[in-house]
Amino acid sequence: MDRTEKQAFVQALQAVFAETSFVLVSQNKGLTVADATTLRRRMRDAGATYKVAKNRLAALALDGTSFQGISPLLKGPTALAWSRDPVAVAKTAVDFAKANDKFVILGGALGKQTLDADGVKALATLPSLETLRAQLLGLIQTPATRIAGVLQAPGSQLARVFSAYAKKDEAEAEAA
C-alpha cells in the first residue's frame with residue numbers, strides 16, 4: 001500500500017466506526033484461507049463485516065472515535081469485525097471460535113464501553129436485535145388484540161341473542 005491508499009483506508013475505517021455500534025477484535029493466528037472465507041461468509045450472512053487490517057492503520061482510524069479503548073488489543077495478527085447489531089457479530093464470532101481454536105476473540109467495544117473476551121461472550125448470549133424487536137412488537141400488539149376482543153364480545157353476544165329469538169319465533173310459527 002502506498003501512502004494515499006493507506007490514508008483512504010484509514011478514512012474508510014473512520015467512516016465505518018462513526019456509523020457502527022460494536023467493534024470486535026480477534027486474533028487469527030494460523031487461520032487457513034478456507035476458514036477465513038467461511039468466517040467472512042458467516043459474518044456477511046449475519047449482517048456484519050470482517051476485515052483484516054494493519055494494526056497501525058486500525059489504531060489511527062480508532063483515534064478520536066468512541067472505540068479507541070480497543071487500541072491496546074491491536075497486537076499481532078488481528079482482525080476487526082463490526083455491525084449495527086452488536087449481538088450478531090458477537091454470536092457469529094463466538095460460534096466460530098468454538099469450532100476453530102485458531103480464532104481467538106480478544107475483546108471489543110460497544111459504544112464507549114470496552115469489553116474483554118468474556119464480555120463479548122456474554123453479549124453473544126443476548127437475543128438479537130431482530131428478536132428483541134419482534135418481542136417488543138408482540139408486547140405492544142397483545143393489549144390491542146385484547147381490547148379488540150373485548151369490544152367485539154358484546155356485539156357477538158347480541159347477535160347470538162337475536163339469532164336465538166329468531167329461531168324461537170320460527171319454531172313457534174311452525175308449531176302454530
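Among the elements of the protein chain, which helix has the lowest mean pLDDT, and which the highest? Colour this predicted model by pLDDT and select residues 129-175, which form helix α6 and have the lowest mean value, 72, and then residues 33-45, helix α2, where the mean reaches the highest value, 91. Over the protein chain as a whole the average is 83, with 90% of the residues scoring at least 70. Where pLDDT is low, the predicted coordinates should not be read in detail.

Next, select M43, and show its surroundings. Beyond its neighbours within four places in sequence, M43 is in contact with A48, Y50, A81, V89, T92 and A93. Two of these names return when the view is widened to the largest nonpolar core, which has 22 residues and in which L24, M43, Y50 and F103 touch the most other members. To see where this core comes from, display β1 (22-27), α2, β3 (78-83), α4 (86-99) and α5 (117-124), each of which supplies at least two of its residues; the largest share, 6 residues, is that of α4.

Finally, move to helix α3 (residues 55-62) and select N55, which lies in it. Is N55 buried or exposed? Its relative accessible area is 18%, and because buried means under 20%, N55 counts as buried. With sequence neighbours within four places set aside, N55 is in contact with L74, K75, G76 and T78, and the N55 side chain reaches the backbone oxygen of G76 at 2.8 Å.

Technical notes. Residues numbered from 1 in each chain as written. Predicted model: local features only at pLDDT ≥ 70, side-chain atom pairs only at ≥ 80, totals over all residues. Heavy atoms only, no water. pLDDT = per-residue confidence, 0-100. Helix = DSSP H or I, 4+ residues; strand = E, 2+ residues; numbered from the N terminus. Buried < 20%, exposed > 50% of the residue type's maximum accessible area, 1.4 Å probe, protein only. Polar contact = N/O pair within 3.5 Å; in protein donor to acceptor, adjacent residues only side chain to side chain. Contact = heavy atoms within 4.5 Å. Core = buried A, V, L, I, M, F, W, Y, C linked by side-chain atoms within 4.5 Å.
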